[in-house]
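The questions below are meant to be read slowly, with the sequence and the model side by side. Try each one yourself before reading on.

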Amino acid sequence: MIAQLLLTVLLCVVLLYAWYSYRLSPIVGMLTVAAGLAGLYFVWLPSHATSLAAWSGIGRGVDLILYTWVAISLILLLNLHLKLRAQMEVITRLARAVALNGARSPAQDDRAAP
Amino acid sequence: MTIDRGKVWIVVPAYNEGSIIRNVISDVRSEGYRIVVIDDGSADDTGKHAFAAGAAVVRHPINLGQGAGLQTGIEYALSRGADYVVTFDADGQHRAREIARILRTMVTAKTDFVLGSRFLGATTNMPLRRRLLLRAATAFTRFTTGMKITDAHNGLRAMTQRGAKTIHLRQNRMAHASEILHQIANSKLPYVEAPVTIDYTDYSLAKGQKISNSVGILIDLFARRLHR
């Protein structure tokens, strides 16, 4: 019971994070919600993991959990990749502002500027 | 209607093009256009040579990529009151005298974008592998944008001020060529293609796209759709 409560708290944190992630990337947010809800389901109904695994052809419930964990890891990797891209966009805007601020133009272009 | 060439800005992103940039700028300047070179954090004297040849120079403090360079150049040109913006490669594969023809097409066709097409025009020394790669990229772009174009990755394009204001490139690297077409399609502004000539040299081929880059471009385009 203690482990179930602890895992429930952790998975609720995951769901909160999913809500936060949704603003940056809806698809990552939705995948994280799906993973978090699946986690809660298996925490409170562990016997269903085995029957679901048998039904889906995986066999053991523990293997299903393992595959789910791999899927969650891949979602996290994707999320990291997207965050890096978002940071690169910020860096690009900064670098562009610096570049435009330091632009050098020939004299005739200066005279033509509005 | 005639175009005041002083209100036409040629945008040339350049990265380590010190050995050739002077010639490119001289050709463009001799046609009477204003030109801005975006020195994309080059390790050589690209910016120095470009400025000496008469170009305005905007230097990225770090290397960002050709797409970022184009967007910087477009913003610079608009800030200088450009009526028309023309993108032009720095590796010498475009012909400066063809800019006038593209601009004429823009005026006569009353369009906001003119996209250069080597497949409507001509090429010299184009390797078969490059031709196949470009054909595949064009088929992909036609499928994803619905645009009826014949050349998806031509660096020679012209746009009106109104058209340029709709372009906001976020793909820093080579995926910008597809992104710009998506943005043109989304802008609902009119566009046409115009024949241009591409002169392939050992230099431009060495700097150009590789087949392996196309995988990275696809990843960039896919990843861009996953976040805001």
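Q: Leaving out residues up to four places away in sequence, which residues does B:Val37 touch?
A: Residues are numbered from 1 along each chain as its sequence is written, while chains are lettered from A and ligands numbered from 1 in the order in which they are written. Two residues are in contact if their C-beta atoms, placed from the backbone, lie within 7 Å. With that cut-off, and with residues up to four places away set aside, B:Val37 touches B:Val12, B:Ala14, B:Ile21, B:Ile25, B:Ala50, B:Ala55 and B:Val57.

Q: Is B:Ala90 buried or exposed?
A: B:Ala90 is found in the loop between strand 4 (84-87) and helix 4 of chain B, and its C-alpha atom is separated by 6.5 Å from that of B:Pro13, 77 residues apart along the chain. Its contacts, leaving aside neighbours within four places in sequence, include B:Val12, B:Glu17 and B:Val24. Because B:Ala90 has 27 C-beta neighbours inside 10 Å, it counts as buried.

Q: Where is B:Lys110, a residue that has a positive phi although it is not a glycine?
A: Most residues other than glycine have a negative phi. B:Lys110, however, has a positive phi of about 50°, and, because it has 10 C-beta neighbours inside 10 Å, it counts as exposed. Its place is in the loop between helix 4 (98-108) and strand 5 (113-124) of chain B.

Q: What is the radius of gyration of chain B?
A: Chain B comes to nine helices and seven strands. The radius of gyration is taken over C-alpha atoms, and the globule rule is 2.2 Å times the number of residues to the power 0.38. For 228 residues this rule gives 17 Å, and the value for chain B is close to it, so chain B is as compact as a globular protein of that length. The radius of gyration of chain B is 16 Å.

Q: What is the radius of gyration of chain A?
A: The secondary structure of chain A comes to five helices and zero strands, and its C-alpha atoms fill a box of roughly 80 × 30 × 15 Å, taken along the principal axes. Of its 114 residues, 16% count as buried. A compact globule of 114 residues would have a radius of gyration near 13 Å, but that of chain A is 24 Å.

Q: How far does helix 4 of chain A reach from its first C-alpha to its last?
A: The expected span of a helix is 1.5 Å times one less than its number of residues. Helix 4 (residues 61-101) of chain A has 41 residues, for which 60 Å is expected. Among its buried residues are A:Leu64, A:Leu82 and A:Ala99. The span of helix 4, close to the expected value, is 60 Å.

Q: In which helix of chain A is confidence lowest?
A: Chain A averages a pLDDT of 85, and 94% of the residues score at least 70. Confidence is highest in helix 4 of chain A, at 88. Where pLDDT is low, the predicted coordinates should not be read in detail. In chain A, the lowest confidence, at a mean of 60, is in helix 5 (residues 107-112).

Q: How many residues does the contact take from chain B?
A: Strand 3 (56-59) and helix 3 (66-79) of chain B each supply at least two residues of the side that touches chain A. From chain A the contact takes 24 residues, and from chain B the number is 24.

Definitions and conventions
This is a predicted model: local features need pLDDT of at least 70, side-chain atom pairs count only at pLDDT 80 or more; totals for chains, interfaces and linings use all residues. Helices (H or I, at least four residues) and strands (E, at least two) are DSSP runs, numbered from the N terminus. A residue is buried if 20 or more other C-beta atoms lie within 10 Å of its own, exposed if 12 or fewer, and partly exposed in between; C-beta atoms are placed from the backbone. pLDDT is the predictor's confidence in each residue, from 0 to 100.
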